[in-house]
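Thank you all for coming. I would like to walk through one structure slowly, and I would ask you to keep the picture in view while I talk.

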Amino acid sequence: MLEKRILVCLDVRDGKTTKGVKFKGNVDVGDPVEMARRYYEEGADELVFYDITASAERRGIMREVVERVAAEIFVPFCVGGGIGSVEDMRAMLLAGAEKVSVNTQAVLNPEIIDQGAKAFGSQCVVLGVDALRDDAMPSGYRVVIHGGRTATQRDLLAWVREAEQRGMGEVVLNSIDADGTRDGYELACTRLVSENVGVPVVASGGAGVSRHLVEVLRDGRADAALIASMVHFGGYTIPQIKADLAAAGIPVRRNIRPADG
Amino acid sequence: MMDVAIVNYEAGNLRSVETALRRLGYEYRIATRPEEVLRADKVLFPGVGDARAVMEVLGRSGVAAALRERHAAGGSILGICVGAQVVLERSEENSASCLGLVPGTARRLPGGDGLKVPHMGWNQVRYREGHWLFAGIPQDTSFYFVHSYYPDPADRSTVLADTEYGVSFASGLERDNLTAVQFHPEKSGEFGLRLLSNYLAH
């Protein structure tokens with residue numbers, strides 16, 4: 001049986017890992033490569049790196065981080081943030097990433113999804129979407145960009161459906177309302193998207209306790225759950241979270257190392 | 001020193017297989033020419049992309065013929081992902097005619113009933129008990145899969161491992177000195193590295 005994946009997200013600025021609340025006030029929490037190795041050894045099923053560097057040198061810095069990570073961890077990982085062209089995608093994939101994610105740039109230039117899927121295959125192209133609850137929109141959610149700072153005219157469901165047509169292979173759905181709150185994922189929003197697209201849906205934003213993951217993987221119908229605060233400084237380890245999920249009947253990967261390894 | 005070759009055919013990103021071999025302490029060459037495929041002690045044959053496109057590149061470079069010759073002579077090969085599909089006779093993906101090292105067809109995953117295609121993520125592998133490729137790996141260990149087509153060998157005796165995803169499919173194949181896995185050992189954590197290490201040490 002296909003297992004539910006736990007993804008650990010690391011926000012990287014100037015080569016260091018940070019974590020913010022509702023996309024503001026980021027604080028440094030460590031070296032991304034060291035943290036990636038720790039989460040890999042604990043049994044993270046996948047890692048996600050978001051580059052939030054503002055400077056012009058960002059691509060070079062991130063490329064080096066990605067190369068170092070690729071040499072250390074042997075599970076898939078995705079890189080997002082500042083990916084605005086097929087060349088940016090290629091640079092990250094050649095540096096060792098399995099997937100690249102596009103968010104704001106895809107809204108501004110949707111063609112990048114088609115181009116990435118054609119060049120590298122859909123399985124490499126992840127769409128990140130930031131959704132804000134808004135009753136004025138047909139699906140009840142509005143797409144926002146620039147890390148939540150800019151509202152768009154796009155409806156969440158219409159956008160993910162369009163992106164799927166264009167060739168996205170997976171969607172990471174981040175609720176701005178829930179992000180960083182540790183109050184739980186946006187279940188209705190996750191379920192809405194899960195039931196309306198044919199590609200895997202990763203729920204993001206709001207995880208604080210294991211029960212939140214159980215809810216979003218079961219009731220929200222997500223294929224995977226993304227966590228950050230819970231393990232960066234929330235006192236949880238991945239084996240603990242997976243034990244809680246298994247106890248709730250959610251299939252997860254728990255045997256991660258040969259007995260003699 | 002052992003001569004380990006990774007078959008290259010332009011389209012595929014070999015980086016993750018390379019880093020896995022480096023971690024295991026093996027030197028390797030990226031093989032693009034038939035003679036490199038023929039003389040290597042071990043041949044890793046990863047695959048990414050469209051089966052038909054893969055076969056076209058392999059045919060043009062002469063590597064397809066080299067792989068057939070190597071297999072017929074009893075040479076060792078490990079196919080990975082699309083590499084486990086194009087060793088069959090044909091693929092439903094763009095009606096590709098394939099290498100024919102193992103009788104059978106690569107078929108499209110049926111999906112439906114909440115099962116998404118591609119099959120992406122960690123899924124359990126049940127292998128033929130006692131097989132050397134899985135030494136030190138417990139039954140039903142999870143490996144990382146990303147694929148839309150699956151190997152459907154004609155002869156059950158060539159099935160090395162099974163996985164369930166709507167259908168029960170052959171996630172591992174074996175014929176003579178060829179072994180192949182549909183999942184990505186290079187992205188399947190420490191058990192994946194163990195499988196690669198088992199292949200190289202065999």
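Before we turn to the sheet, we need one term: two strands are said to pair if DSSP finds at least two bridges between them. Please also keep in mind that what you see is a predicted model.

With that term in hand, look at chain B, where four strands form an open sheet in the order E6-E5-E7-E10, and where the pairing is mixed. Strand E6 (96–97) and strand E10 (149–153) of chain B are the edge strands, each pairing on one side only. Inside this order, strand E5 (residues 90–91) and strand E7 (residues 104–108) of chain B run parallel and are joined by two bridges, and B:Ser91 stands opposite B:Ala106 in E7(B).

Let us move to chain A, where helix H3 (residues 86–94) packs against helix H5 (residues 111–120) at an angle of about 40°, with the axes 10 Å apart. That angle makes H3(A) oblique to H5(A), and H3(A) passes H5(A) in a right-handed crossing. On the H3(A) side the contact is made by A:Val86, A:Met89, A:Arg90 and A:Leu93, while H5(A) brings A:Ile112, A:Gln115, A:Gly116, A:Ala119 and A:Phe120.

Finally, the aromatic rings: a search of the whole structure finds nine aromatic pairs over all chains. Why is the pair of A:Phe49 and A:Phe77 edge-to-face? The ring centres of A:Phe49 and A:Phe77 lie 5.6 Å apart and their planes stand at 85°, so the pair counts as edge-to-face, given that planes over 60 degrees apart are classed that way. This pair links distant parts of the chain, since A:Phe49 lies in strand E4 (residues 46–51) and A:Phe77 in strand E5 (residues 77–80) of chain A, 28 residues apart.

Notes
Residues are numbered from 1 along each chain as its sequence is written. Chains are lettered from A and ligands numbered from 1 in the order in which they are written. This is a predicted model: local features need pLDDT of at least 70, side-chain atom pairs count only at pLDDT 80 or more; totals for chains, interfaces and linings use all residues. Side-chain values use heavy atoms; hydrogens and water are left out. Axes are lines fitted to C-alpha atoms, for helices over the stretch in contact, and angles run from 0 to 180 degrees between N-to-C directions. Angles under 35 degrees count as roughly parallel, over 145 as roughly antiparallel, 65 to 115 as roughly perpendicular and the rest as oblique. A crossing is left-handed if the near helix is turned anticlockwise from the far one by less than a right angle, and right-handed if clockwise. Contact means heavy atoms within 4.5 Å. Rings of Phe, Tyr and Trp (its six-membered ring) pair if their centres lie within 6.5 Å; planes under 30 degrees apart count as stacked, over 60 as edge-to-face and the rest as tilted.
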